Amino acid sequence: MFNAANIVIAVAIVLYLCMMVGIGIQTSKKNKSAEDFYLGGRKLGPFVTAMSAEASDMSGWLLMGLPGLALMTGLAEASWTAIGLAVGTYLNWLLVAKRLRVYSERINAVTVPEFFAKRFGDKSHMLSLIAAIIIIIFFIPYTASGFSACGKLFSSMFGMDYMTAMLLSAAVIVLYCTLGGFLAASTTDLIQSIVMTVALIIVLGLGEGLIGGFGTVFENVKSFDGYLDVFKGFNIASGETGSYGALPVVSTLAWGLGYFGMPHILLRFMAIDDPNKLKTSRRVASVWVVISMGVAILIGVVGYSLMKAGIVGPYDGASAAETIIVDISKFLSTKGYIPAFAAGIFLSGILASTMSTADSQLIAASSSITQDILVGGFKAKLSQKKTMIIARVSVIIIAVIAAFFARNPNSSVFRIVSFAWAGFGAAFGPVILFALFWKRINKWGALAGMVSGGAMVFLWKFVIAKLGGVFAIYELLPAFIVACVAIVVVSLLTKKPDDELTKTFDKIKAEMKA
């Protein structure tokens, strides 16, 4: 329902969306080749690299999933997840970023599947084809979660039909992605990371102010046994105290392993203009991740007091509580036009977190279809112009499929993201690490790791985890271990890599030490 306050909010959001599309139009002029469209011509600066990587990483999970989880279950799962992600972020930048940037340029790879094919001398392009299929399989639900977050936002705020809201959001993302490609996605991600940061900090301050300070916040939740205990947790909906022992902690920390296999983050590493500037990027990224996730969790804790005061909610579970920032914005919009405009900025922050991930995923998935399946797998001979056209059409097709999967408004953003995150982390993470640090790995070992890791995510999630007990852990951890074992065993049982491949590996290793 559109009243005066909602119109002001809508104006703020429309201005933001127009700015994103404008960036897409502007950067489209710089795309002269497929490498420009997929990697921005490897011309990203250190700050853009850092902020676009982390903004594309966090998705709507940061402003919706994480606060909702903290609000309804306490600090345990949310905190250990955040710690795992913070450590994973730092290690990914430290271990993978520079080596992957140098290696990918040396072998002239512009996508992650192409890097696998050229790193292991796979002239049949079997590796890149399978990697591309894995990317499409897991990116579709990941992108769908982003579309779903946008749909929830507009549906909750303006009373719009969920499907209409979700499709309009998807259309804007597709528009600037098809125009500007990777450079548009990275530039908008930088802006979106700033909007997300501002939104997080102001929402936290506002929420804390509305209920009388942090003293009141912690007073309201301390009676819940385990809510503030990172080894217990407390389910607000059921009123039950949880237990977070060593196994759940290790399982949740395993979120950090996912970073090593995220194609949209790895592409940022490959795209920086100067590998020596990655140290600056690492520091910026690590600090931003720690602060943003810490603030998001605090918003969740403050959210209980806001719910108790009747300002937001009530919520019947973590999925429902994912709209907490939307509901705070609703309340704020009733206090005048300036607060309503501020509410529009908060909501733009949620849009930013969602769009920054969805755009990166669409570009990565599009590159897989064009470069790795059509050109690499089926040996299609395409001109630069045709490649660009197919790349843009691919973005649209993937978005349409993702929109179909996002049609359920009751899906949990947090749970969808966690599954896709596990898929990429297990299928690609071990292969990336062994490809960069173990000379003996060959294409058969890489293939075994990729397939076993991806398959184990499904097997553990939908079969083994249902046994409960020690098996009820995050599927990424066992799948990652299985993939590592498969890589080592199969590589040692099959032929050694060719001399040319090992010489290139040794040159990269020497360059890293220089």
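**Close-up 1. Who does Ser452 touch?** Leaving aside residues up to four places away in sequence, Ser452 touches Val482, Ala483 and Ala486. Keep in mind that this is a predicted model. Ser452 itself sits in helix α16, which covers residues 443-462. Along the chain, Ser452 and Ile481 are 29 residues apart, yet their C-alpha atoms are separated by 9.9 Å.

**Close-up 2. Is Ser452 buried or exposed?** Ser452 has a relative accessible area of 19%, so this residue counts as buried, the cut-off being under 20%. Look also for the backbone oxygen of Gly449: a polar atom of the Ser452 side chain lies 3.4 Å from that oxygen.

**Close-up 3. Helix α4 packs with helix α9.** Here α4 (residues 75-106) and α9 (residues 246-253) pack at about 45°, and their axes are 7 Å apart. That angle makes α4 oblique to α9. The crossing of α4 past α9 is right-handed. On the α4 side you'll find Glu77, Trp80, Thr81, Ile83 and Gly84, which meet Val249, Thr252 and Leu253 of α9. Sorted by class, this contact of α4 with α9 has four nonpolar, three polar and one charged residues.

**Close-up 4. Helix α4 also packs with helix α11.** This time the partner is α11, residues 278-308, and the angle is about 170°, with the axes of α4 and α11 10 Å apart. The two helices, α4 and α11, are therefore roughly antiparallel to each other. As for the residue classes, the contact of α4 with α11 has 16 nonpolar, four polar and three charged residues.

Methods. Residues numbered from 1 in each chain as written. Predicted model: local features only at pLDDT ≥ 70, side-chain atom pairs only at ≥ 80, totals over all residues. Heavy atoms only, no water. Axes fitted to C-alpha atoms, helices over the stretch in contact; angles between N-to-C directions. Helix = DSSP H or I, 4+ residues; strand = E, 2+ residues; numbered from the N terminus. Parallel < 35°, antiparallel > 145°, perpendicular 65-115°, else oblique. Left-handed = near helix turned anticlockwise from the far one by under 90°. Contact = heavy atoms within 4.5 Å. Nonpolar A, V, L, I, M, F, W, Y, C, P; charged D, E, K, R; others polar. Buried < 20%, exposed > 50% of the residue type's maximum accessible area, 1.4 Å probe, protein only. Polar contact = N/O pair within 3.5 Å; in protein donor to acceptor, adjacent residues only side chain to side chain.
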